[in-house]
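The exercises below work through a single protein chain. Each gives a task and then a solution in steps.

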Amino acid sequence: MRDTLPLLDLTDFPPIRRRTLDTLQVNLGYRCNMKCVHCHVAAGPHRTEMMDADNLALIPRVLKARGLTTLDLTGGAPEMHEGFRDLVKAARELDVKVIDRCNLTILFEPGQEDLAEFLAGHQVEIVASLPCYSLENVDKQRGKGAFDKSIQALIALNRLGYGQPGSGLTLNLVYNPLGPSLPPPQQALEAAYKQQLFDHFGIRFNQLFALTNMPIKRFGDYLITKRQFHDYMRLLKENYAAANLDSLMCRSLVSVDWQGYLYDCDFNQQLGLHLPGGEWPHLRDLLSRELEGQPIRIADHCYGCTAGQGSSCGGALHEDKK
């Protein structure tokens with residue numbers, strides 16, 4: 001897989017700095033039961049990188065020491081880590097909101113038969129990837145049979161109360177474009193998702209997050225192979241919106257890799273752009289280190305978060321009024 005950082009490192013993206021930290025986003029490892037075309041982590045069943053017990057034990061300590069409000073768990077498939085459930089329990093005991101970035105099909109993997117009930121029982125917020133509401137498009141990105149399993153998983157989650165009014169169980173979905181294009185306006189797309197999924201399957205969910213594909217890892221390699229990398233970067237830059245700078249996720253979030261090292265965001269993590277500060281800053285440093293006011297490491301991929309409506313782990317950064 002070709003490294004895209006040399007194509008991104010020289011940048012004219014404006015400098016930005018951190019605000020108060022409120023979210024710890026932890027990548028528990030790159031092992032996944034799927035191998036998606038758009039995956040910026042290049043996760044898959046063959047990956048062996050997983051967080052060890054020592055680093056895992058640091059997470060609740062950091063949450064408490066920094067007074068953080070959110071633990072955002074990602075991967076790979078974070079649920080495949082053997083310490084996933086104990087970590088969720090520890091965070092919830094601290095009254096920290098836990099987000100599980102779930103690919104839905106994981107609910108049908110051996111040993112995960114009670115996963116949905118576990119998540120519901122601990123009021124874990126689910127952010128579930130569903131690239132489209134059509135079988136053809138989902139299976140094209142995620143593999144044959146992915147759509148049917150995803151629908152079955154959403155139905156099962158709905159039965160437990162996820163996405164249902166007044167349940168307190170949040171179910172958000174994630175959309176990614178199929179190729180080198182910006183996502184359509186999030187508000188209109190969410191309405192279409194809700195109508196299609198309810199009309200055909202009776203499925204309800206809370207919000208749709210429309211995310212821009214990042215020109216790194218597997219998708220970056222795809223762009224280079226198709227000779228579309230520079231065209232895609234031109235698209236991102238031409239649609240840059242300065243208004244999105246104020247809401248960028250990197251200003252209040254820190255990303256942790258499976259070895260415990262710190263980054264400004266998950267994308268910087270995949271590019272190896274560690275948090276500024278001399279030696280590679282580590283999770284243990286957060287027990288005593290403040291990040292507020294620190295500069296954020298930037299490169300041309302940052303235009304992906306500021307193009308059009310903007311893009312973050314929480315979806316679009318502003319509402320398109322068109």
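This is a predicted model: local features need pLDDT of at least 70, side-chain atom pairs count only at pLDDT 80 or more; totals for chains, interfaces and linings use all residues.

Which side chain is joined to that of N33 by a polar contact of 2.9 Å?

- Step 1. N33 sits in the loop between β1 and α2.
- Step 2. Its relative accessibility is 18%, and buried means under 20%, so N33 counts as buried.
- Step 3. Leaving aside residues up to four places away in sequence, N33 touches P45, A77, M80, N103, T105, I106 and E109.
- Step 4. The side chain of T105 is the one joined to that of N33 by a polar contact of 2.9 Å.
- Step 5. N103 also has a side-chain polar contact with N33, of 2.8 Å.

**Exercise 1. Helix α2**

Describe the length, ends and cover of helix α2, residues 53–66.

- Step 1. Helix α2 has 14 residues, and its first and last C-alpha atoms are 21 Å apart. At 1.5 Å a residue, 20 Å is expected, and the span of α2 is close to that.
- Step 2. At the start of the helix, a side-chain oxygen of D52 comes to within 3.3 Å of the backbone nitrogen of D54.
- Step 3. Just after the helix, G67 has a positive phi of about 65°.
- Step 4. The buried residues of α2 are N55, L56, L58, I59, P60, V62 and L63. An α-helix has 3.6 residues a turn, so residues three or four places apart point the same way.
- Step 5. The cover over these buried residues includes strands β1 (23–27) and β2 (70–74) together with helix α3 (84–93).

**Exercise 2. Strand β7 and its partners**

Which residues of strand β7 are buried on each of its faces, and which strands pair with β7?

- Step 1. In a regular strand the side chains alternate between the two faces of the sheet.
- Step 2. Strand β7 comprises residues 253–256. L253 and S255 are buried on one side, V254 and V256 on the other, and both faces are covered.
- Step 3. β1 runs parallel to β7, with 4 bridges between them. V26 has V256 as its bridge partner in β7.
- Step 4. β8, residues 262–263, pairs with β7 in the antiparallel sense over 2 bridges. There V256 stands opposite L262.
- Step 5. The hairpin of β7 and β8 has 5 residues between the strands, and G260 takes a positive phi near 95° in this hairpin.

**Exercise 3. Backbone exceptions**

Where do D95, K217 and G76 lie, and what backbone angles are found there?

- Step 1. Most residues other than glycine have a negative phi, and most peptide bonds are trans.
- Step 2. D95 is not a glycine, yet its phi is positive, near 65°. D95 belongs to the loop between α3 and β3 (97–102). With a relative accessible area of 65%, D95 is exposed.
- Step 3. K217 is not a glycine either, and its phi is positive at about 50°. This residue lies in helix α8, residues 217–225. A relative accessibility of 28% makes K217 partly exposed.
- Step 4. The peptide bond from G75 to G76 is cis, with omega near 25°. G76 is in the loop between β2 and α3.

**Exercise 4. Cysteines**

How many disulfides does the structure hold?

- Step 1. A disulfide is a covalent bond between the sulfur atoms of two cysteines.
- Step 2. The structure holds 0 disulfides.
- Step 3. C250 is in no disulfide, and the nearest cysteine sulfur, that of C265, is 6.1 Å away. The cut-off for a disulfide is 2.5 Å between the sulfur atoms.
- Step 4. C250 is buried, at a relative accessible area of 10%. C32 also counts as buried, with 8% relative accessibility.

**Exercise 5. The whole chain**

- Step 1. The protein chain contains 11 helices and 8 strands.
- Step 2. Of its 322 residues, 56% count as buried.
- Step 3. Among contacts with a separation of 6 or more, 72% come from residues 24 or more positions apart.
- Step 4. The accessible surface of the chain is about 14000 Å², and carbon and sulfur atoms account for 49% of that surface.

Definitions and conventions:
Residues are numbered from 1 along each chain as its sequence is written. Side-chain values use heavy atoms; hydrogens and water are left out. The expected span of a helix is 1.5 Å times one less than its number of residues. Buried means under 20% relative accessible area, exposed over 50%, partly exposed in between (1.4 Å probe, protein chains only). Contact means heavy atoms within 4.5 Å. A polar contact is a pair of N or O atoms within 3.5 Å; within protein, one must be able to donate a hydrogen and the other to accept it, and residues adjacent in sequence count only if both atoms are side-chain atoms. Accessible areas come from the Shrake-Rupley method with a 1.4 Å probe; for residues, only the protein chains shown count as cover. Two strands pair if DSSP finds at least two bridges between them.
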